Every structure is written in C-alpha cells, then in structure tokens.
Amino acid sequence: MLNRNFMLTDTQRFLLRNVSIIVLGLFINQMLQTVGSIVLARVLDDPTKFGQVNLLLQIFGMASLFLNVGFNSSLIYTFSRKPEQAVQTNFRVAFFGSSLFGIIFGIILALLAPVLANYYHLPELKGAMILSAIMFVFNSIINIGVASFSGNREFGVQAFFMVITTTLATSGTVVGVLLPVGSLNLLENISLWMSVGAILTALFIGWKVERVHSPKWFGGIPLQEVKTMMAYGLPSWAGNIAKAFQQPFLVMMVGSSSVIAVGYLSNGFRITGFIGIITWAFMIVTFPFVAESAQDLKESKHRGTSCVRYNNIFLYPLTALICLYPNQINGFLFGESLTSGDSAAYIRLMALGVLFSSVGRLGGSILAGIGKTKSNFWVMIVAGIFVIAIVPFIAAENPVLAVGIYTGGWAVSAIAMIGFFYFEKFPLDWWKAYGQPLLPTLGMMAIMEAGSLAKGWYPIFIIAGLVGLLVLTILIEKRPNHEVHTQEAL
C-alpha cells in the first residue's frame, strides 16, 4: 500500500522529467550570467563602468522582448497540435515573418541610438546600439528555431539551445571587455562580440532544425496563414512584453540618475533569478502540455492545476529561504562590499515579485494552451501600469520604494489572473494548486524562525526546517486522491 502511494502518475512523471530538464538548462543559464557578472565586476574594478555595461545589457534585454511579433508562440501552438502543417507551411511563415520584422526592428533601434545616448548622457551608447542591430536580426531567427523544438516537446534540445545561446552571449560580453577591436569603445566592443555570438548560435540552430524537422524553407507565404498566426500570436507577444519589461524598465529608470545603483539592482535580480527559473521552466513545459489536450477541457484543467501545484512546491520554499537570508546570500555571491543597508529590502521585494508574477506568467501559459490568449496581455498590463505611471517619478530619490511598487504591481496582476480564469470559465482547483503546497513551507519557516532564538543551536534548526519541509511535502503528496485523474498516454 505504501509503495502504491509513492508511485508517480503519468502527469507527475511528465512534469518532473521535462521540468527538470528545462530547470537544468535555465539554472546553467543563470549561473553563466552570474559568473559573467562576477568576472566583469572583477576585471573592470570600476563601479561606474560596471554599471554602464549592465545598463547596456538591460537595454538589450528590453529590446529583445519586441522580437518575433508572436510568430514564435503561434509556431509552438501549431507544432503541438498540427506538426505536419507546421513543418510544411507554418515554420516558413514564422521564419520569414520574424526575420523581416527583426530587420525592421534593428533599423528602428539604430535610428533611436542617439536619443538613448543623450537620455543617459552616455555617448558611447550610440555606436553600441547601432551595432546591436545585427544581433537582434539573428536573435529573431534563433527564437523561431527554438520554438520548433518546444512545440513538439523536445525539451532536452530546447534546454541545450538555451545553454548555447547564453554561453555565446555571455562570452561575447566578457570577450568584449578583454579583447578590444580597433578604436571601438567598451560598449561598442561588447555589442560587436555579442553579435558574433548571435550569428554563430543562429547558424547552429538552423543546422539542427534542418537535420531534425527538414522544414520547407522556401515557397509561398500564404497571406491567410500569416493572418491566422498573427491573430493567435499577437496577444501572446504583447503579453510577453508586458510581463517581462518591468525589470529592465525599473533598472533603466534608476540608471537615469545613477549607473552605480544599476549594479546593485542587477545583483539583486541575479539572485532572485535563480528562483524565477522554476516558473520559466513550468511555463515552457505547460504551454504545449495543456495545448495537447485542449479538446478535453477537464483534462486540460487537471494538467493546468498540476503544473501550478508543482511549480509552487518548489517555488514557495526557495522564495522563503531568500527572504529569510537575503544579505547572507548576497554577501556570499558578490562580496560584503555590495551588501548595503537597503540590499535586504531589495532582495526580499524582488523575491516576492517573482512569487507573485508566477501566478500571471504560468496562468497565461495555461489559458494560451486552450486557445485563450487575451488574458496573457491584459493581466500583464495590470502588472506594469503601476511601474510605468509611478516609478519614473520616484526611482531616483527612492529606489527601494520603486522596487516595492514593482512587487505590488505583480501582486495585483496575480489577483487579476485568478479573475480571468473565472471569466474564461476555466477555474483551477485553487487549494491543490496554491494551498496545499504552502503548508510545508510554513512549517519550515516556523522551525527556522524558532531557531533564531536558540543562538548556538541555530544551524541544527535550519537543518531540521529543511528536513521537515521534505517530510511534510512527501506526506502531502502521497495522500490518496490528490490527483483527480490522469490519462495514460501523454
């Protein structure tokens, strides 16, 4: 009987196997980015230059959100449901549509380069932004190639692509600092080498796509198919912009008055990024997983509930640990010199922001899986409206309050997303999704907080808290009937 209780269902096996693959890829990505930041900080040994480089990277991150105009998410959806059509037609439409938009976007960005350079009083930024146009064109191609593997649930290949992309991009940043080319300044050099990394990545992924999918690269571009793909993809594209722009926007606003503060904020986001990869992994797996059963809403609801549940089983305790020990983690990674009086507040608020944002991010993927994409846009607008309306006026004077508004926006968006589930008549099992996974984390926190009063015995209480978390999680998971049902063929 005990062994039967411990047996995993098909849904559990699918999620744990594939989410683990994506988490590994995202974790390696985050580690590469963090190590890259540490190397830059040590090599530059100048808070101002370090802040300038991070500002450039945040601008790149913001600009990357606008690529593909939804062709990639639409391609994932088609590969999940109609793989033959995706190979014969949709891949070609997405490839050429995204490439064309990438070229147009690169030109627009180059034209805006003088404006950005003047805004930040950083002349070196102009040339860097012009050179980056090359990178964004090839990043558009990369996104379409990766989407083709996500759609048919080849998550191992997708995770490998993530690592390749981040490795070459991070290497480009480091090489840009260590190996200047001609008369290019620091920022221009970084932009050039990151573009080289994007070209190499695009060539490799294109070769892999041809080898695995053998899509029809050349042929007609059916106008009706373009309209259909954009009708589905545009709301997702707009939602992705709205969901991801807040972080670079916040940093860019703070950077308008102090590039040194950009470095501190970037380190905070590096730390909380490690827990953010949990939700990103579930988002990647959830979309095609739910889309596959879109014709059976009962099964889709079960799958969506399971995705949220297991996301929270991992996300809750990691968020709690960062909130309990923010300065200890910050000091260990980046040194005590970058641990200020406000650093704990930054990190705690950012960690809670990741937790609240997981509701809207993962919820948007679930609803998109059943063909409902509008919520993905409007919920993220709710999250961002506070950042846009308030942060620019207070970021320079009170960065901590600015980060608090950023977190508050995500909290409101979480409530809005739950409302959208009812609006779409697709409510999840909220207790199984959000309630049960919280109980082990509350127990862990209670034990650890009690240990803070025990002084010399504190390490023992920390270990006891972690053991208690594991035991209580297993006890809850092995309870019969917590899985309402499952299909045998996933």
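Which residues line the second largest cavity? I looked this up in a predicted model, in which local features need pLDDT of at least 70, side-chain atom pairs count only at pLDDT 80 or more, and totals for chains, interfaces and linings use all residues. Residues are numbered from 1 along each chain as its sequence is written, and side-chain values use heavy atoms, with hydrogens and water left out.

**Cavity entry.** I found the lining to consist of Arg309, Ile313, Pro317, Gln436, Pro437, Pro440, Thr441, Leu469, Thr473, Ile476 and Glu477; a cavity here is a set of points, on a 1 Å grid over the protein atoms alone, where a 1.4 Å probe fits but cannot get out, and lining residues have an atom within 4 Å of a point. Helix α19 (458–477) gives the most to this lining, with four residues, while α12 and α18 (438–451) also supply at least two residues each. Helices are DSSP runs (H or I, at least four residues), numbered from the N terminus.

**Helix pair entry.** I then followed α12 (residues 297–324) to its packing with α14 (residues 343–369), where the angle is about 175° and the axes are 10 Å apart. Because angles over 145 degrees count as roughly antiparallel, α12 is roughly antiparallel to α14. Axes are lines fitted to C-alpha atoms over the stretch in contact, and angles run from 0 to 180 degrees between N-to-C directions.

**Salt bridge entry.** Within α12 I noted glutamate 299 and arginine 303, four residues apart, about one turn of the helix. They form a salt bridge (a side-chain nitrogen of Lys or Arg within 4 Å of a carboxyl oxygen of Asp or Glu), with the closest N and O atoms 2.8 Å apart.

How values were computed:
Parallel < 35°, antiparallel > 145°, perpendicular 65-115°, else oblique. 1 Å grid on protein atoms, 1.4 Å probe; cavity = no way out; pocket = protein on both sides within 12 Å on 5 of 7 lines; lining within 4 Å.
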